[in-house]
Amino acid sequence: FADDGLGLYVVCDGMGGHDGGEVASMVAIRSISCYFAQRGDQIRESRGDEQTLKRHVIDAIAEANNEICFLSESSEFFREMGTTITLLLIGDRFGIMGHCGDSRLYQVRNGLKLLSRDHTFEQQLRDGGFKSEGIERYGHILTRVLGRKDFRAPDVETFPLVKGSRFLLCTDGLSRYLDDELQRSVAWCFERQQLIDQLFAF
């Protein structure tokens, strides 16, 4: 989802049987987009207020989680459905990321710089100092997603906007292929469509 007028960009990747994952991601996108659309003037007036925008990001993601939980409890077909979310909101001189799961946010400037941190069991093992071969097999086990009653607050980070920076939001369906060669290639893409074309060419 992209709203250039609000400076809002979102990617979600759902999970769950009986098409539950697709439903969860659609509900999250709809909820987030509605939240910000209803507060459009307020968001624009707060472009320079970092704390206010961070609160909106937290509240919007929490609201999306509640909607997914409500739907999940309403039908056995949607039990255990959930979705990742990575959100970027552009302020005056800063960007704000809201993040749950293993979808990612990269800054594209002289290469790709990863701004998000995966919420996976694999990442937990790495953070704990485990470096043995084979821990990659735990990369699909998510430790934080939308659609859980015991929902943990998203990672919310603020970073300065540097002139010439671009951003890439993607699911693990793309990030797993971002090797050194592709990262070098992407670094020289200066237009949005050029960047997209280059990514899908691989």
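A salt bridge is a side-chain nitrogen of Lys or Arg within 4 Å of a carboxyl oxygen of Asp or Glu. Side chains of opposite charge can pair when their charged atoms come close. This predicted model holds eight salt bridges.

Start with helix 1, which covers residues 20–38. At 1.5 Å a residue, its 19 residues should span 27 Å, and its end C-alpha atoms are 27 Å apart, which agrees. Some of its residues are buried, among them G20, A24, V27, I32 and F36. What do the buried residues of helix 1 pack against? They pack against strand 2 (8–15), helix 2 (40–45), helix 3 (50–74) and strand 3 (82–90).

R30 pairs with E67, and their closest N and O atoms are 3.6 Å apart. R30 lies in helix 1 and E67 in helix 3, so the pair ties together parts that are 37 residues apart in sequence. R30 is partly exposed, at 47% relative accessible area. E67 is partly exposed too, at 29%.

Now turn to D118 and R104. Their closest N and O atoms are 2.7 Å apart in a salt bridge. D118 sits in the loop between strand 6 (112–114) and helix 4 (121–127), and R104 in strand 5 (residues 104–108), so the pair links parts 14 residues apart in sequence. Are D118 and R104 buried or exposed? Both are buried.

The loop between strand 6 and helix 4 also holds R117. R117 forms a salt bridge with D127, with the closest N and O atoms 2.3 Å apart. D127 lies in helix 4, so this pair ties together parts that are ten residues apart in sequence. D127 is partly exposed at 45% relative accessibility, and R117 is partly exposed at 44%.

Methods. Residues numbered from 1 in each chain as written. Predicted model: local features only at pLDDT ≥ 70, side-chain atom pairs only at ≥ 80, totals over all residues. Heavy atoms only, no water. Helix = DSSP H or I, 4+ residues; strand = E, 2+ residues; numbered from the N terminus. Expected span 1.5 Å × (residues − 1). Buried < 20%, exposed > 50% of the residue type's maximum accessible area, 1.4 Å probe, protein only. Contact = heavy atoms within 4.5 Å.
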